[in-house]
Amino acid sequence: MVNKPLYFDEMFGHGTDARLPYEAYCKWFNGEDNARLLEKSEEAEALFRLIGVTFNVYGDPDATERLIPFDLVPRIIAAREWAKVAKGIEQRVRALNAFLHDIYHRQEIVRAGRLPAEMLARNEAFLPQMIGVTPPGDIYTHIVGTDLVRTGDDAFFVLEDNARTPSGVSYMLENRETMLHMFPELFSKIKVQSVSQYPNSLRKSLSACAPPACDGKPTLAVLTPGIHNSAYYEHAFLADQMGAELVEGHDLRVVDGRVAMRTTRGYKPIDVLYRRVDDDYLDPLTFNPDSMLGVPGIMDVYRAGGITIANAPGTGIADDKAIYSYMPDIVEFYTGEKAILQNVPTHRCSEPDALKYVLDNLAELVVKEVHGSGGYGMLVGPAASKKEIAAFRAKLEANPGNYIAQPTLALSTVPILTDAGLAPRHVDLRPFVLVSPDKIDITPGGLTRVALTAGSLVVNSSQGGGTKDTWVLEE
Amino acid sequence: MLGKTAGGLFWMFRYLERAENTARMIDAGLRISLTRSSAAESEWTSILQSTGLHGSYTAMHGAPDGPKIIDFLLRDPNNPGSIMAGIEAARENARVVRTALTREVWEAVNECYMVLKRVLAEPVADRDLPRVLQVVRQRSAFVRGASHGTMVRNDMYNFARIGTFFERADNTARILDQKYYILLPSVRLVGSPSDNVQWETILRATSTTRAYQTLHGGDIDPRVIAHFLILDGRLPRSLAFCYGKIGENLGYIAKEYGASKPCDALAEAICSKFRAHDMNAIFDYGLHEFIGDFLRDSTALGRQIEIDYRFSE
């Protein structure tokens, strides 16, 4: 196969021979018939559709339930490579929790002059209602998805820290199940670290954060906005796998100082609520008064120690893209160590010098909204037309503080299966991290997202990206 | 379990059963329009009335017309009572209660939806209609079979079963309500062609032609049909059978929860009527009145179950 030398390909490096972690896989692949594999691909799609592993696309009435395309060539990471990444993630997540505790208490980092006060003061993701509140176990981010990109053999960068409600873990698990179902022979040849323990680890990790009001075995529930939410499948899947109830706002109310769910036998208190509803919709009495998705009064119960909310309200500030640019300082401030994982260099458009540089170099940069997610509202300079750049320039000039810009990274590629055989496509990686007072638990691998269009750098499922199974090899 | 989940299971199985029953009704209507075209129009009207959709059909399409009625009952997007709408509603409820379903049950209902979405994408040609109706019956039977074979016998299973039998009895009762007059002992026109047509509609619309043959031979007697559909505990579509099951399933829930509820007494009151009466007593009371009472009682029972087990707030 021909490789653009510009990009690091995780299977072939810059050459044509398989890199070490891919050797056994490539040997198997070369003995396979492409047509048979393409058939397997269709089989996988039918399986996903039957199971209902779908997501909803907002504003598209004809395709309310869509499949995320699944590519059956796995992304493979060596145990040694993973060990370093995992160490870096653990350090970063530890720092994030310490940072969240600090900014909602004494704000030492601001006092020390390492973070400008206005980064908090003018930030919508900062919740004044959380000031002075310590969540059960002092854990803020029970579940984190740290988005990573790779540019070389040993070069991993953190693209963003998803600290509110990271999604995608069900795809990680279903992708593996599908691979095991379709290619059992591969897993007997190649020893891959398991991911299937995740739901059980999630249950244990959440249970370890039970609130003071809990006596006995904690009752868990997953709060979903409902069947029309884009990630509903995942909410149902996780509740099912954990043996927890899947609740909506109208199933819940405050009874005797506890948040309780309406069961066939009456109201039953919940100890830990894994909510997949944004802060703003959580409590109409405290936040958005029009919200039908939350529970009136839940914040009072929370502050009184009657329930654990995972992730804690107000954690969104930690995945704010302007705060992101301070992460190297944040890691150093709270851990006393240099960050193991690098940040992507980030220009804060709120700063005049940075803004000038960004405006002068729009065609080379990726520009993102500070609070944006899902690949919406961003500009990928090298892929954009002159007209798109001009339109974006106007938005940027009108509200510079709303944007950050980053260089276009030479994202690594992993081949996907096409009609003509293997072809390289850009990927990123979202590992899933569980945080409890006892430990930080990182599932080996995570969700690999892949841009299915040749040359594209946008991997988001809402923008036509697909996924791959991610293998971390045994030692 | 959540009250919402109990309600979702109850309705998921009601909608499935309803779609299956509507398929039987179309089958009965089709049969008559193919074999006794002179009687077709009035039989289609009574089928529409049994499904409770006569008013909305007339408002949209006017006079009864076989092909229009078939499309209306099968797939008309403006008809919330169509088979397709029923299957969509069943699947939507299944998504809500997904954590209460086994993988087999979910896959059976999801596949039912996917297959019907495909075969009902366009109006169904006459030659394909019998096959399409068979697909509906078969797919709905798959869901029932998957539930039977894989679900734990707890409250969840019992709510699902109550939904099935509640809808089935309702369907049988509505057909009887439409046709009660031809089952009265006073009917003297035994053997006239028109009565044969109507009896045939009743048996086909409840899929009991074969069962009737087995149990009662070839002689069609209106009194025997009435007894068969109301009181015969061997027939899985009779009112007595369905309510025996509802009573049992409610009893299992009460036992599991260690508490009896007002709905248990209501169900028992309905069951006791089937036990205490023979057909002569029902005819003395009035067949039409008996069925009218039953429909009212069952509506009250449905509402009480919903309250007792907190389906909604």
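**A close look at chain B**

Take the overall form first. Chain B has 313 residues, and a compact globule of that length would have a radius of gyration near 20 Å. The value for chain B is 19 Å, which agrees with the globule rule. Keep in mind that this is a predicted model. Along its principal axes, the C-alpha trace of chain B spans about 55 × 50 × 35 Å.

Now the secondary structure. Chain B holds 15 helices and zero strands. Of its 313 residues, 47% are buried. Next, consider contacts in chain B between residues at least 6 apart in sequence: 71% of them join residues at least 24 apart.

One helix shows burial well. Helix α11 of chain B runs over residues 222-230 and is mostly covered. Seven of its nine residues are buried. They are B:Pro222, B:Ile225, B:Ala226, B:His227, B:Phe228, B:Leu229 and B:Ile230.

Next, a pair of helices. Two packed helices are described by the angle between their axes and the distance between the axes. In chain B, helix α1 (residues 3-35) packs with helix α7 (residues 129-150) at an angle of about 155°, and their axes are 9 Å apart. Angles over 145 degrees count as roughly antiparallel, so α1(B) is roughly antiparallel to α7(B). Their crossing is left-handed.

Which residues make this contact? From α1(B) come B:Leu16, B:Ala19, B:Glu20, B:Ala23, B:Ile26, B:Asp27 and B:Leu30. From α7(B) come B:Leu129, B:Leu133, B:Val136, B:Arg137, B:Ser140 and B:Val143. By class, the contact of α1(B) with α7(B) has nine nonpolar residues, one polar and three charged.

Chain B also touches chain A. The contact takes 19 residues from chain B and 16 residues from chain A. On the chain B side, α1, α5 (83-96) and α6 (103-119) each supply at least two residues. The helix α6(B) gives the most, with four residues. The residues on the side of chain B that touches chain A divide into seven nonpolar, three polar and nine charged.

Helix α2 (residues 34-51) and helix α6 (residues 169-182) of chain A pack at an angle of about 130°, with their axes 11 Å apart. The two helices, α2(A) and α6(A), are therefore oblique to each other. Their crossing is right-handed. On α2(A), the contact is made by A:Lys40, A:Glu43, A:Ala44, A:Leu47 and A:Ile51. On α6(A), the contact is made by A:Glu174, A:Thr178 and A:Met182. By class, the contact of α2(A) with α6(A) has four nonpolar residues, one polar and three charged.

A:Leu396 sits in helix α15 (residues 386-398) of chain A. Is A:Leu396 buried or exposed? A:Leu396 counts as buried, because it has 20 C-beta neighbours inside 10 Å. Leaving aside its neighbours within four places in sequence, A:Leu396 is in contact with A:Cys349, A:Leu359, A:Val367 and A:Tyr403. Look at one of these partners, A:Leu359. A:Leu396 and A:Leu359 are 37 residues apart in sequence, and 8.4 Å apart in space, C-alpha to C-alpha.

Terms used: Residues numbered from 1 in each chain as written. Chains lettered and ligands numbered in written order. Predicted model: local features only at pLDDT ≥ 70, side-chain atom pairs only at ≥ 80, totals over all residues. Rg over C-alpha atoms; globule rule 2.2 N^0.38 Å. Buried ≥ 20, exposed ≤ 12 C-beta atoms within 10 Å, placed from the backbone. Contact = placed C-beta atoms within 7 Å. Axes fitted to C-alpha atoms, helices over the stretch in contact; angles between N-to-C directions. Parallel < 35°, antiparallel > 145°, perpendicular 65-115°, else oblique. Left-handed = near helix turned anticlockwise from the far one by under 90°. Nonpolar A, V, L, I, M, F, W, Y, C, P; charged D, E, K, R; others polar.
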